[in-house]
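Hi there,

I'm passing a structure on to you, and I hope you enjoy looking around in it.

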Amino acid sequence: MKKRAYKIVLILIGVLCGGFAEAQQLESYIQEAESNNPDIQAFELRYNIAEEKVNEVNALPNTEFGAGYFISEPETRTGAQRARFSVKQMLPWFGTITARENYASSMADAEYVEIAIAKRKLALSVSQSYYQLYAITAKQQVLEQNIQLLETYERLALTSVEVGKASAVDVLRLQIRQNELEKERDILSEDFLAEKTQFNNLLNKEEKAPISVVDTMFVPLESTNFSSEGLKLHPEILKYDKLFESIAQSEALNQKESLPNIGVGLDYIPVAERPAMNFSDNGKDILMPMLSISIPIFNNKYSSITKQNELRQQEIKAQKQDRLNKLKTLFAQAVQNRNSARISYATQLKNLKQANDAEDILMKSYETGTIDFNDVLDIQELQLKFQMNQIESIKMYFVQSAIINYLTN
(Lines give C-alpha, C1' and ligand atoms only; values in the text may rest on other atoms or scores of the structure.)
Protein backbone atom coordinates (compact mmCIF):
# COMPACT_ATOMS: atom_id res chain seq x y z
CA MET A 1 0.00 0.00 0.00
CA LYS A 2 1.20 3.54 -0.74
CA LYS A 3 0.29 4.66 2.76
CA ARG A 4 2.44 1.92 4.26
CA ALA A 5 5.38 2.81 2.00
CA TYR A 6 4.96 6.46 2.98
CA LYS A 7 5.21 5.51 6.66
CA ILE A 8 8.44 3.64 6.03
CA VAL A 9 9.93 6.69 4.29
CA LEU A 10 8.96 8.85 7.26
CA ILE A 11 10.59 6.35 9.61
CA LEU A 12 13.84 6.40 7.62
CA ILE A 13 13.87 10.21 7.68
CA GLY A 14 13.18 10.23 11.40
CA VAL A 15 16.03 7.80 12.00
CA LEU A 16 18.51 10.42 10.83
CA CYS A 17 17.31 12.81 13.51
CA GLY A 18 17.11 10.14 16.18
CA GLY A 19 20.79 9.21 16.26
CA PHE A 20 21.90 12.35 18.10
CA ALA A 21 19.01 12.16 20.55
CA GLU A 22 19.86 8.53 21.31
CA ALA A 23 23.50 9.37 22.02
CA GLN A 24 22.56 12.25 24.34
CA GLN A 25 19.96 10.20 26.16
CA LEU A 26 22.21 7.20 26.65
CA GLU A 27 25.11 9.37 27.83
CA SER A 28 22.80 10.92 30.42
CA TYR A 29 21.86 7.46 31.72
CA ILE A 30 25.54 6.41 31.87
CA GLN A 31 26.44 9.49 33.90
CA GLU A 32 23.54 8.81 36.24
CA ALA A 33 24.69 5.22 36.68
CA GLU A 34 28.25 6.32 37.46
CA SER A 35 26.93 8.69 40.13
CA ASN A 36 24.54 6.23 41.76
CA ASN A 37 25.86 2.72 41.13
CA PRO A 38 26.92 1.11 44.46
CA ASP A 39 29.64 -0.95 42.78
CA ILE A 40 31.37 2.25 41.59
CA GLN A 41 30.97 3.75 45.04
CA ALA A 42 32.61 0.66 46.55
CA PHE A 43 35.59 1.01 44.18
CA GLU A 44 35.94 4.70 45.07
CA LEU A 45 35.88 3.88 48.79
CA ARG A 46 38.52 1.23 48.21
CA TYR A 47 40.67 3.86 46.51
CA ASN A 48 40.15 6.26 49.44
CA ILE A 49 41.30 3.52 51.81
CA ALA A 50 44.40 2.94 49.70
CA GLU A 51 45.14 6.68 49.74
CA GLU A 52 44.79 6.73 53.51
CA LYS A 53 47.39 3.97 53.70
CA VAL A 54 49.98 6.62 52.76
CA ASN A 55 49.31 8.37 56.06
CA GLU A 56 49.45 5.05 57.89
CA VAL A 57 52.97 4.21 56.74
CA ASN A 58 54.23 7.74 57.34
CA ALA A 59 54.89 7.01 61.01
CA LEU A 60 57.77 5.97 63.24
CA PRO A 61 57.73 2.85 65.40
CA ASN A 62 56.16 3.18 68.86
CA THR A 63 58.16 5.14 71.38
CA GLU A 64 59.13 2.92 74.33
CA PHE A 65 58.80 4.22 77.87
CA GLY A 66 60.06 2.35 80.92
CA ALA A 67 60.06 2.82 84.68
CA GLY A 68 61.53 0.75 87.48
CA TYR A 69 61.92 1.02 91.24
CA PHE A 70 64.86 -0.43 93.14
CA ILE A 71 63.54 -2.56 95.98
CA SER A 72 67.09 -3.02 97.17
CA GLU A 73 68.72 0.34 96.51
CA PRO A 74 72.24 0.03 95.12
CA GLU A 75 74.71 2.30 96.88
CA THR A 76 77.10 4.42 94.85
CA ARG A 77 79.72 6.96 95.87
CA THR A 78 77.24 9.76 95.32
CA GLY A 79 74.25 8.08 96.96
CA ALA A 80 71.65 5.33 96.66
CA GLN A 81 69.86 4.77 93.33
CA ARG A 82 66.11 4.72 93.92
CA ALA A 83 64.50 4.22 90.50
CA ARG A 84 65.12 4.16 86.76
CA PHE A 85 63.14 5.92 84.01
CA SER A 86 63.84 5.39 80.33
CA VAL A 87 62.58 6.44 76.90
CA LYS A 88 63.64 4.88 73.59
CA GLN A 89 62.81 5.52 69.93
CA MET A 90 63.84 3.28 67.01
CA LEU A 91 64.46 5.07 63.71
CA PRO A 92 64.41 3.31 60.32
CA TRP A 93 67.28 3.85 57.93
CA PHE A 94 67.32 7.05 55.92
CA GLY A 95 64.71 6.99 53.13
CA THR A 96 62.77 3.99 54.48
CA ILE A 97 59.66 6.02 55.32
CA THR A 98 59.74 7.65 51.88
CA ALA A 99 60.00 4.19 50.31
CA ARG A 100 56.94 3.08 52.31
CA GLU A 101 55.00 6.14 51.12
CA ASN A 102 55.98 5.45 47.50
CA TYR A 103 54.83 1.85 47.80
CA ALA A 104 51.49 2.85 49.36
CA SER A 105 50.98 5.51 46.66
CA SER A 106 51.67 2.97 43.91
CA MET A 107 49.04 0.66 45.38
CA ALA A 108 46.57 3.56 45.48
CA ASP A 109 47.29 4.25 41.80
CA ALA A 110 46.47 0.64 40.99
CA GLU A 111 43.15 0.98 42.84
CA TYR A 112 42.38 4.16 40.89
CA VAL A 113 42.73 2.27 37.62
CA GLU A 114 40.20 -0.23 38.95
CA ILE A 115 37.68 2.64 39.18
CA ALA A 116 38.25 3.45 35.50
CA ILE A 117 37.74 -0.22 34.57
CA ALA A 118 34.56 -0.45 36.64
CA LYS A 119 33.14 2.69 35.03
CA ARG A 120 33.85 1.36 31.54
CA LYS A 121 32.19 -1.95 32.35
CA LEU A 122 29.20 -0.14 33.84
CA ALA A 123 28.86 2.06 30.74
CA LEU A 124 28.95 -1.08 28.58
CA SER A 125 26.28 -2.80 30.68
CA VAL A 126 24.03 0.27 30.62
CA SER A 127 24.45 0.61 26.84
CA GLN A 128 23.71 -3.05 26.18
CA SER A 129 20.59 -2.96 28.36
CA TYR A 130 19.45 0.28 26.70
CA TYR A 131 19.77 -1.19 23.21
CA GLN A 132 17.90 -4.29 24.36
CA LEU A 133 15.08 -2.05 25.61
CA TYR A 134 15.08 -0.25 22.26
CA ALA A 135 14.84 -3.57 20.38
CA ILE A 136 11.95 -4.77 22.51
CA THR A 137 10.08 -1.48 22.12
CA ALA A 138 10.68 -1.37 18.38
CA LYS A 139 9.46 -4.95 17.97
CA GLN A 140 6.33 -4.14 19.95
CA GLN A 141 5.61 -1.24 17.61
CA VAL A 142 6.17 -3.43 14.54
CA LEU A 143 3.88 -6.13 15.91
CA GLU A 144 1.19 -3.56 16.65
CA GLN A 145 1.43 -2.22 13.11
CA ASN A 146 1.19 -5.72 11.66
CA ILE A 147 -1.81 -6.55 13.85
CA GLN A 148 -3.56 -3.46 12.53
CA LEU A 149 -2.59 -4.45 9.00
CA LEU A 150 -4.06 -7.91 9.48
CA GLU A 151 -7.25 -6.33 10.76
CA THR A 152 -7.42 -4.41 7.48
CA TYR A 153 -6.86 -7.64 5.55
CA GLU A 154 -9.54 -9.31 7.66
CA ARG A 155 -12.07 -6.68 6.69
CA LEU A 156 -11.12 -7.13 3.03
CA ALA A 157 -11.48 -10.91 3.41
CA LEU A 158 -14.92 -10.54 5.00
CA THR A 159 -15.98 -8.33 2.12
CA SER A 160 -14.62 -10.88 -0.34
CA VAL A 161 -16.49 -13.68 1.40
CA GLU A 162 -19.73 -11.75 1.02
CA VAL A 163 -19.24 -11.46 -2.75
CA GLY A 164 -17.93 -14.99 -3.10
CA LYS A 165 -14.31 -14.05 -3.88
CA ALA A 166 -12.86 -15.70 -0.71
CA SER A 167 -13.73 -18.41 1.75
CA ALA A 168 -14.31 -18.34 5.48
CA VAL A 169 -11.04 -20.28 5.85
CA ASP A 170 -9.14 -17.22 4.64
CA VAL A 171 -10.76 -15.16 7.38
CA LEU A 172 -9.92 -17.74 10.03
CA ARG A 173 -6.31 -17.93 8.92
CA LEU A 174 -6.00 -14.16 9.18
CA GLN A 175 -7.52 -14.26 12.68
CA ILE A 176 -5.17 -17.04 13.77
CA ARG A 177 -2.24 -15.00 12.53
CA GLN A 178 -3.48 -12.01 14.53
CA ASN A 179 -3.67 -14.19 17.65
CA GLU A 180 -0.05 -15.29 17.16
CA LEU A 181 1.16 -11.72 16.80
CA GLU A 182 -0.77 -10.62 19.88
CA LYS A 183 0.86 -13.45 21.81
CA GLU A 184 4.33 -12.32 20.68
CA ARG A 185 3.47 -8.73 21.62
CA ASP A 186 2.39 -9.77 25.13
CA ILE A 187 5.55 -11.84 25.62
CA LEU A 188 7.62 -8.81 24.61
CA SER A 189 5.81 -6.78 27.26
CA GLU A 190 7.04 -9.22 29.89
CA ASP A 191 10.55 -9.09 28.43
CA PHE A 192 10.46 -5.30 28.63
CA LEU A 193 9.53 -5.33 32.32
CA ALA A 194 12.39 -7.71 33.12
CA GLU A 195 14.92 -5.67 31.14
CA LYS A 196 13.59 -2.46 32.65
CA THR A 197 14.26 -3.85 36.12
CA GLN A 198 17.81 -4.72 35.19
CA PHE A 199 18.38 -1.29 33.64
CA ASN A 200 17.09 0.56 36.70
CA ASN A 201 19.19 -1.61 38.99
CA LEU A 202 22.29 -0.53 37.06
CA LEU A 203 21.25 3.06 37.75
CA ASN A 204 20.40 2.15 41.38
CA LYS A 205 16.84 3.40 40.91
CA GLU A 206 13.43 2.02 41.73
CA GLU A 207 12.68 -1.00 39.56
CA LYS A 208 9.48 0.59 38.24
CA ALA A 209 11.03 4.00 37.54
CA PRO A 210 10.07 5.24 34.06
CA ILE A 211 12.60 4.88 31.25
CA SER A 212 12.71 6.91 28.07
CA VAL A 213 13.97 5.01 25.00
CA VAL A 214 14.48 6.59 21.60
CA ASP A 215 11.91 5.58 18.98
CA THR A 216 14.21 5.12 15.99
CA MET A 217 17.90 4.44 15.48
CA PHE A 218 20.06 4.71 12.39
CA VAL A 219 22.71 2.33 11.10
CA PRO A 220 25.12 4.00 8.65
CA LEU A 221 25.49 2.10 5.41
CA GLU A 222 29.19 2.99 5.14
CA SER A 223 31.76 1.02 7.13
CA THR A 224 34.10 2.67 9.65
CA ASN A 225 37.73 1.76 10.14
CA PHE A 226 39.02 1.14 13.66
CA SER A 227 42.51 0.73 15.04
CA SER A 228 43.50 -1.62 17.83
CA GLU A 229 46.39 0.63 18.90
CA GLY A 230 44.21 2.20 21.58
CA LEU A 231 44.03 -1.15 23.34
CA LYS A 232 47.49 -0.54 24.80
CA LEU A 233 46.04 2.38 26.75
CA HIS A 234 43.03 0.45 27.98
CA PRO A 235 42.69 0.58 31.80
CA GLU A 236 42.79 -3.22 31.97
CA ILE A 237 46.28 -3.03 30.42
CA LEU A 238 47.38 0.03 32.40
CA LYS A 239 46.43 -1.85 35.54
CA TYR A 240 49.30 -4.28 34.95
CA ASP A 241 51.70 -1.37 34.49
CA LYS A 242 50.60 0.03 37.84
CA LEU A 243 50.98 -3.38 39.49
CA PHE A 244 54.45 -3.74 37.97
CA GLU A 245 55.39 -0.32 39.38
CA SER A 246 54.01 -1.25 42.80
CA ILE A 247 56.26 -4.32 42.88
CA ALA A 248 59.24 -2.13 41.94
CA GLN A 249 58.36 0.13 44.86
CA SER A 250 57.95 -2.94 47.07
CA GLU A 251 61.48 -4.02 46.18
CA ALA A 252 62.84 -0.54 46.90
CA LEU A 253 61.18 -0.73 50.31
CA ASN A 254 62.58 -4.21 50.85
CA GLN A 255 66.11 -2.93 50.20
CA LYS A 256 65.62 -0.12 52.70
CA GLU A 257 64.22 -2.45 55.36
CA SER A 258 67.25 -4.74 54.97
CA LEU A 259 69.45 -1.90 56.29
CA PRO A 260 70.12 -1.35 60.03
CA ASN A 261 67.71 0.48 62.31
CA ILE A 262 69.03 3.08 64.73
CA GLY A 263 67.69 3.59 68.24
CA VAL A 264 68.08 6.64 70.45
CA GLY A 265 67.05 6.87 74.08
CA LEU A 266 67.57 8.38 77.44
CA ASP A 267 67.84 6.84 80.93
CA TYR A 268 67.22 8.86 84.07
CA ILE A 269 68.10 7.55 87.54
CA PRO A 270 67.28 9.63 90.61
CA VAL A 271 69.97 9.32 93.36
CA ALA A 272 69.42 9.99 97.08
CA GLU A 273 71.94 12.13 99.02
CA ARG A 274 74.28 10.39 101.41
CA PRO A 275 73.60 11.61 104.95
CA ALA A 276 76.24 13.47 107.01
CA MET A 277 78.46 13.92 103.96
CA ASN A 278 79.29 17.07 102.14
CA PHE A 279 80.83 16.88 98.63
CA SER A 280 80.01 18.39 95.30
CA ASP A 281 78.21 15.42 93.60
CA ASN A 282 76.33 14.19 96.65
CA GLY A 283 72.84 13.00 95.51
CA LYS A 284 73.47 13.96 91.89
CA ASP A 285 70.95 12.26 89.55
CA ILE A 286 72.17 10.14 86.66
CA LEU A 287 71.23 11.13 83.08
CA MET A 288 72.44 8.69 80.43
CA PRO A 289 71.81 9.15 76.66
CA MET A 290 71.53 5.82 74.80
CA LEU A 291 72.32 4.82 71.22
CA SER A 292 71.56 1.39 69.75
CA ILE A 293 71.61 -0.23 66.34
CA SER A 294 69.63 -3.19 64.97
CA ILE A 295 71.51 -5.08 62.26
CA PRO A 296 69.76 -7.80 60.15
CA ILE A 297 72.68 -10.20 60.16
CA PHE A 298 70.53 -13.12 59.03
CA ASN A 299 69.01 -11.48 55.95
CA ASN A 300 67.69 -14.51 54.05
CA LYS A 301 64.22 -13.04 54.48
CA TYR A 302 65.04 -9.98 52.39
CA SER A 303 66.80 -12.02 49.73
CA SER A 304 63.73 -14.22 49.43
CA ILE A 305 61.45 -11.18 49.07
CA THR A 306 63.68 -9.86 46.28
CA LYS A 307 63.38 -13.16 44.44
CA GLN A 308 59.60 -13.19 44.93
CA ASN A 309 59.34 -9.66 43.55
CA GLU A 310 61.30 -10.64 40.44
CA LEU A 311 58.98 -13.59 39.87
CA ARG A 312 55.89 -11.42 40.42
CA GLN A 313 57.08 -8.95 37.80
CA GLN A 314 57.57 -11.77 35.33
CA GLU A 315 54.09 -13.04 36.15
CA ILE A 316 52.56 -9.59 35.59
CA LYS A 317 54.31 -9.26 32.21
CA ALA A 318 52.84 -12.59 31.13
CA GLN A 319 49.36 -11.65 32.43
CA LYS A 320 49.52 -8.29 30.65
CA GLN A 321 50.40 -9.89 27.31
CA ASP A 322 47.70 -12.52 27.73
CA ARG A 323 45.07 -9.89 28.55
CA LEU A 324 46.17 -7.73 25.60
CA ASN A 325 45.81 -10.70 23.27
CA LYS A 326 42.31 -11.38 24.59
CA LEU A 327 41.31 -7.74 24.18
CA LYS A 328 42.60 -7.79 20.60
CA THR A 329 40.51 -10.89 19.91
CA LEU A 330 37.43 -9.29 21.49
CA PHE A 331 38.06 -6.14 19.44
CA ALA A 332 38.35 -8.07 16.17
CA GLN A 333 35.14 -9.98 16.94
CA ALA A 334 33.28 -6.77 17.77
CA VAL A 335 34.39 -5.09 14.55
CA GLN A 336 33.42 -8.16 12.51
CA ASN A 337 30.01 -8.43 14.22
CA ARG A 338 29.41 -4.71 13.75
CA ASN A 339 30.16 -4.92 10.04
CA SER A 340 27.96 -7.99 9.72
CA ALA A 341 25.10 -6.14 11.42
CA ARG A 342 25.54 -3.20 9.04
CA ILE A 343 25.46 -5.53 6.02
CA SER A 344 22.42 -7.35 7.40
CA TYR A 345 20.65 -4.04 8.01
CA ALA A 346 21.22 -2.95 4.42
CA THR A 347 19.94 -6.29 3.15
CA GLN A 348 16.80 -6.05 5.26
CA LEU A 349 16.12 -2.59 3.82
CA LYS A 350 16.22 -4.03 0.30
CA ASN A 351 14.12 -7.05 1.26
CA LEU A 352 11.55 -4.89 2.99
CA LYS A 353 11.22 -2.61 -0.02
CA GLN A 354 10.68 -5.59 -2.32
CA ALA A 355 8.16 -7.13 0.08
CA ASN A 356 6.26 -3.84 0.14
CA ASP A 357 6.27 -3.78 -3.67
CA ALA A 358 4.85 -7.30 -3.66
CA GLU A 359 2.19 -6.19 -1.21
CA ASP A 360 1.22 -3.29 -3.50
CA ILE A 361 0.89 -5.73 -6.42
CA LEU A 362 -1.39 -7.99 -4.38
CA MET A 363 -3.58 -5.11 -3.27
CA LYS A 364 -3.91 -3.87 -6.84
CA SER A 365 -4.98 -7.34 -7.88
CA TYR A 366 -7.74 -7.09 -5.27
CA GLU A 367 -9.34 -4.44 -7.44
CA THR A 368 -9.61 -7.00 -10.25
CA GLY A 369 -11.00 -9.64 -7.89
CA THR A 370 -8.04 -12.04 -8.12
CA ILE A 371 -6.52 -11.56 -4.63
CA ASP A 372 -5.14 -14.67 -2.93
CA PHE A 373 -5.17 -14.28 0.85
CA ASN A 374 -2.63 -17.10 1.18
CA ASP A 375 -0.20 -14.90 -0.72
CA VAL A 376 -1.19 -11.97 1.46
CA LEU A 377 -0.30 -13.91 4.59
CA ASP A 378 2.98 -15.09 3.10
CA ILE A 379 3.97 -11.52 2.21
CA GLN A 380 2.91 -10.27 5.61
CA GLU A 381 5.06 -12.91 7.33
CA LEU A 382 8.00 -11.93 5.14
CA GLN A 383 7.53 -8.27 5.97
CA LEU A 384 7.40 -9.02 9.67
CA LYS A 385 10.47 -11.23 9.42
CA PHE A 386 12.43 -8.51 7.61
CA GLN A 387 11.32 -5.86 10.10
CA MET A 388 12.31 -8.01 13.07
CA ASN A 389 15.66 -8.86 11.49
CA GLN A 390 16.22 -5.18 10.82
CA ILE A 391 15.65 -4.33 14.47
CA GLU A 392 18.01 -7.13 15.53
CA SER A 393 20.64 -5.75 13.13
CA ILE A 394 20.28 -2.29 14.64
CA LYS A 395 20.60 -3.67 18.16
CA MET A 396 23.61 -5.80 17.21
CA TYR A 397 25.31 -2.86 15.49
CA PHE A 398 25.05 -0.61 18.52
CA VAL A 399 25.85 -3.32 21.05
CA GLN A 400 29.04 -4.10 19.16
CA SER A 401 29.75 -0.36 18.91
CA ALA A 402 29.46 -0.19 22.71
CA ILE A 403 32.00 -3.02 23.02
CA ILE A 404 34.38 -1.18 20.66
CA ASN A 405 33.95 1.98 22.73
CA TYR A 406 34.69 -0.01 25.87
CA LEU A 407 37.93 -1.27 24.31
CA THR A 408 39.21 1.85 22.55
CA ASN A 409 37.48 4.95 23.96
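This is a predicted model: local features need pLDDT of at least 70, side-chain atom pairs count only at pLDDT 80 or more; totals for chains, interfaces and linings use all residues.

**Around Phe85**

Phe85 sits in strand β4. Together with Phe65, Val87, Leu266, Tyr268 and Leu287, Phe85 makes a nonpolar surface patch of about 580 Å². Two elements, β4 (83–91) and β5 (261–269), each give two or more residues to that patch.

The strands here are paired. β4 runs antiparallel to β1 (residues 64–69), with 6 bridges between them; Glu64, for example, has Lys88 in β4 as its bridge partner. On β5, the pairing with β4 is antiparallel too and has 7 bridges, including the one between Ser86 and Asp267.

**The core**

Next, have a look at the largest nonpolar core, which has 74 residues. Val126, Tyr130, Tyr131, Tyr153, Phe199 and Phe373 have the most contacts inside it. Helices that give two or more residues to this core include α1 (2–36), α2 (38–57), α4 (168–202) and α6 (300–367). The biggest contribution, 24 residues, is from α3. As background, nonpolar side chains tend to be buried together in soluble globular proteins.

**Salt bridges**

- Arg100 and Glu257 meet at 3.7 Å, N to O. Arg100 is in helix α3 and Glu257 in helix α5 (residues 235–257), so this pair ties together parts that are 157 residues apart in sequence. Arg100 is partly exposed at 22% relative accessibility, and Glu257 is partly exposed at 32%.
- Glu392 and Lys139 meet at 2.5 Å, N to O. The pair links helix α7, where Glu392 lies, to helix α3, where Lys139 lies, 253 residues apart. Lys139 is buried, with a relative accessible area of 17%, whereas Glu392 is partly exposed at 29%. Lys139 and Glu392 also belong to a salt-bridge network with Lys395.
- Asp241 and Lys320 meet at 2.7 Å, N to O. Here helix α5 holds Asp241 and helix α6 holds Lys320, 79 residues apart. Asp241 has 33% relative accessibility and Lys320 has 27%; Asp241 counts as partly exposed, and so does Lys320.

Conventions. Residues are numbered from 1 along each chain as its sequence is written. Side-chain values use heavy atoms; hydrogens and water are left out. Patches are made of residues with over 30% relative accessible area and no salt bridge: like charges are joined within 9 Å, nonpolar side chains (Val, Leu, Ile, Met, Phe, Trp, Tyr) within 5 Å. Accessible areas come from the Shrake-Rupley method with a 1.4 Å probe; for residues, only the protein chains shown count as cover. A salt bridge is a side-chain nitrogen of Lys or Arg within 4 Å of a carboxyl oxygen of Asp or Glu. Helices (H or I, at least four residues) and strands (E, at least two) are DSSP runs, numbered from the N terminus. Two strands pair if DSSP finds at least two bridges between them. A nonpolar core is a set of buried Ala, Val, Leu, Ile, Met, Phe, Trp, Tyr and Cys residues joined through side-chain atoms within 4.5 Å. Buried means under 20% relative accessible area, exposed over 50%, partly exposed in between (1.4 Å probe, protein chains only).
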